[in-house]
Amino acid sequence: MRRPAPPGRIDVVVDRDPDADTDVTVYLDGAKVTGSRLAVHVVDPGAGGPDHEWFNSTTTHAADVPEAVADEIDSLAQGYHDRHACRDARCRALPLADDRTADNLL
Ligand SMILES: [Zn+2]
């Protein structure tokens with residue numbers, strides 16, 4: 001007999017196959033979510049520090065990505081990309097984490 005899922009429960013199953021791609025399966029209320037309702041976002045900087053091209057592609061979102069999701073992805077990407085060393089104008093315009101802390105102290 002199957003256990004019913006409590007309403008609103010979301011389960012995410014991540015299959016990290018060491019010899020193949022990572023697969024993600026999402027269940028909402030115990031039912032598998034498929035098709036256009038499912039959007040998977042992977043923030044994977046890889047080894048050795050991601051360059052600006054990675055940062056730019058990771059923080060460029062489709063129009064239907066919810067703002068809160070885009071903000072979360074952007075925050076993660078900013079944590080991985082070394083913007084101190086980046087010469088791109090977009091990175092130079094963004095406040096660095098250290099700068100935000102300094103602003104909060106004023
Ligand atoms: Zn950059």
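Four donors count as tetrahedral if all angles lie between 85 and 135 degrees; donors are N, O and S atoms within 2.8 Å of the metal (3.2 Å for Na, K and Ca), and with water not among the atoms, sites may look incomplete.

I'm working on a predicted model, where local features need pLDDT of at least 70, side-chain atom pairs count only at pLDDT 80 or more, and totals for chains, interfaces and linings use all residues. Residues are numbered from 1 along each chain as its sequence is written, and side-chain values use heavy atoms, leaving out hydrogens and water.

**Zinc site.** I looked up the zinc ion and got His-52 (ND1), His-81 (NE2), Cys-86 (SG) and Cys-91 (SG) as its donors, at 2.1 to 2.2 Å. The angles among the 4 donor atoms run from 99 to 118°, so I logged the site as tetrahedral.

**Burial of the cysteines.** I checked accessibility next (buried is under 20% relative accessible area, exposed over 50%, partly exposed in between; 1.4 Å probe, protein chains only). Cys-86 is buried at 8%, and Cys-91 is buried too, at 2%.

**Aromatic rings.** Trp-54 and Tyr-80 sit edge-to-face, 6.4 Å centre to centre with 85° between the planes. The pair links distant parts of the chain, 26 residues apart: Trp-54 is in helix α1 (residues 52-58) and Tyr-80 in helix α2 (residues 67-80). Helices here are DSSP runs (H or I, at least four residues), numbered from the N terminus. I have Trp-54 as buried at 15%, and Tyr-80 as partly exposed at 42%.

How values were computed: Phe/Tyr/Trp six-rings, centres within 6.5 Å; stacked < 30°, edge-to-face > 60°. Helix = DSSP H or I, 4+ residues; strand = E, 2+ residues; numbered from the N terminus. Tetrahedral: all angles 85-135°; square planar, octahedral: opposite > 155°, others 65-115°.
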